[in-house]
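Please read it alongside the sequence and the coordinates shown here.

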Amino acid sequence: MVDAGGVQPVKPADPARPVAPVDPARPAPAVRPTPGALSFRVIEVGARQGNFAAVAAGDIDGDGYAELVSGHIDGQQGLALFRFDGSAWHRLDLTTRGEYGGVVIADITGEGRPDVVAVKTDGKRSGDGVELITFKGKGATLAVESKRSPYADKASCDVAVGDIEGDGDLDIACSTRGDGVKVLINEGEGQSFRVIALEKKVYEDTGIAMGDANGDGLLDVISTNHPGENPHLFLCTGKDPVAFDSGHNQGLRVGPGIGFGLLFAHVNDDEHLDLVIGTQSGLKVFRGNGCKGDDGDWWRSAGAGGLRWRCIHGTAGDVDLDGKLDLVFGTESGVVLLRGDGRGAWGRLEGTALPRGGEYSSATLFDWDNDGDLDIAVSSLQGNGVRLYENRAIVR
């Protein structure tokens with residue numbers, strides 16, 4: 001079993017802006033942070049136990065509170081949604097069977113409300129590599145409206161979304177377990193998808209992300225893999241029709257070991273997108289140059305706070321409200337928050353309520369209580385379920 005988590009779509013031009021509760025490519029402007037160290041308060045959301053894969057956040061029913069969605073990674077226990085009604089959390093089982101990996105909340109159908117896109121790591125058995133779930137109702141009446149499978153040929157590990165064609169419809173990319181990377185072009189309202197197959201050179205692809213790596217206005221796709229070869233970057237070469245080149249894997253040395261979740265982000269103050277990659281041997285950060293020159297020179301390895309243990313999946317955002325990008329990752333030794341200095345250097349935040357032990361598969365950022373700072377939702381691989389950590393950075 002390869003652990004995988006959900007990836008937030010990023011720039012350019014935020015093609016999936018309605019999807020992510022935060023934009024990981026740019027930190028938010030600084031506001032009034034609490035002096036001293038950050039603090040967090042643990043909030044139970046209705047899943048104190050269980051082994052979960054990725055966790056995603058988004059306001060599915062439009063009531064002003066974001067829902068959380070996460071799938072069980074083992075035991076054929078399905079996919080769950082956690083809803084806050086202003087005073088308490090409630091659980092809604094979206095599916096009751098299947099083992100899940102990455103998940104994204106995004107408006108795939110173009111109906112003006114977010115849908116859920118989730119990948120099943122056991123898809124070969126259950127028949128759904130990628131699931132698209134739509135909803136009806138609001139609050140206590142929120143319910144599943146429909147389920148369909150844009151790609152059912154192979155089990156998958158992770159998923160990303162973005163408007164590759166530039167036509168207003170969000171497209172999907174997934175990393176499969178043995179059948180390469182698939183790009184699913186949305187042909188309108190999520191009713192049908194055209195599949196573009198990329199590489200099939202590795203045992204299985206694990207993490208996946210979209211972003212404009214070379215600054216040409218087109219969304220590119222990158223994937224990590226098992227057994228831990230360099231990530232493969234596929235540059236989009238056109239959108240009418242959509243086409244990608246054969247891939248580049250020079251300069252991104254993530255070994256030894258498997259690569260997991262990854263994301264594009266601006267880790268320093270230049271104009272180029274950089275990469276943050278969770279791997280079996282630690283967290284890796286690579287500064288990009290916009291894919292200029294030979295492909296072996298496109299990326300330069302940078303420090304990542306000294307994390308040399310397994311980092312599985314995470315995200316980026318301005319957690320401490322200092323105007324600089326921070327990183328939050330689920331790891332084999334708890335949940336790690338790295339505070340960025342805006343120049344590509346990181347310092348680990350100690351002494352908070354964030355878990356310091358146990359294996360965590362994913363972390364995501366969103367403003368749960370609508371107070372202006374980013375809270376953290378995490379999912380556990382070792383029986384601790386899904387939990388929320390309320391950020392107390394704002395002076396009230």
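I196 is found in strand β13 (residues 193–197), where strands (E, at least two residues) and helices (H or I, at least four residues) are DSSP runs numbered from the N terminus. The model is predicted, so that local features need pLDDT of at least 70 and side-chain atom pairs count only at pLDDT 80 or more, while totals for chains, interfaces and linings use all residues. Residues are numbered from 1 along each chain as its sequence is written, and side-chain values use heavy atoms, with hydrogens and water left out.

With a relative accessible area of 16%, I196 is buried; in this report buried means under 20% relative accessible area, exposed over 50%, and partly exposed in between (1.4 Å probe, protein chains only). Leaving aside neighbours within four places in sequence, I196 is in contact with V181, K182, V183, I185 and V242, contact meaning heavy atoms within 4.5 Å. One of these residues, I185, is 11 residues from I196 in sequence and 7.6 Å from I196 in space, C-alpha to C-alpha.

**An open sheet**

Four strands form an open sheet in the order β2-β3-β4-β5, with antiparallel pairing; two strands count as paired if DSSP finds at least two bridges between them. The edges are taken by β2 (52–58) and β5 (89–93), each of which has a single partner strand, so one side of each is left without a neighbour in the sheet. On average, and with direction ignored, neighbouring strands of this sheet are turned by 20° against each other, where axes are lines fitted to C-alpha atoms, for helices over the stretch in contact, and angles run from 0 to 180 degrees between N-to-C directions. Strand β4 (residues 79–84) pairs with β5 in the antiparallel sense over five bridges, and L81 stands opposite L92 in β5.

**Salt bridges**

Across the whole structure, a search finds 14 salt bridges, each being a side-chain nitrogen of Lys or Arg within 4 Å of a carboxyl oxygen of Asp or Glu.

| Salt bridge | Closest N and O atoms |
|---|---|
| E390 and R41 | 2.7 Å |
| R194 and E187 | 3.5 Å |
| D320 and R339 | 2.8 Å |

In the salt bridge between E390 and R41, E390 lies in strand β29 (residues 386–391) and R41 in strand β1 (residues 40–47), so the pair ties together parts that are 349 residues apart in sequence. E390 counts as buried at 8% relative accessibility, whereas R41, at 36%, counts as partly exposed.

For the salt bridge of R194 with E187, R194 is partly exposed at 31% relative accessibility, and E187 is partly exposed with a relative accessible area of 48%. The salt bridge between D320 and R339 links distant parts of the chain, with D320 in the loop between β23 (311–317) and β24 (326–331) and R339 in strand β25 (residues 334–340), 19 residues apart. D320 counts as buried at 5% relative accessibility, while R339 is partly exposed at 26%.

**Cysteines**

A search of the whole structure finds zero disulfides, a disulfide being a pair of cysteine sulfur atoms within 2.5 Å. C157 is in no disulfide, and the nearest cysteine sulfur, that of C174, is 9.8 Å away. C157 counts as buried at 0% relative accessibility, and C291 is buried with a relative accessible area of 14%.
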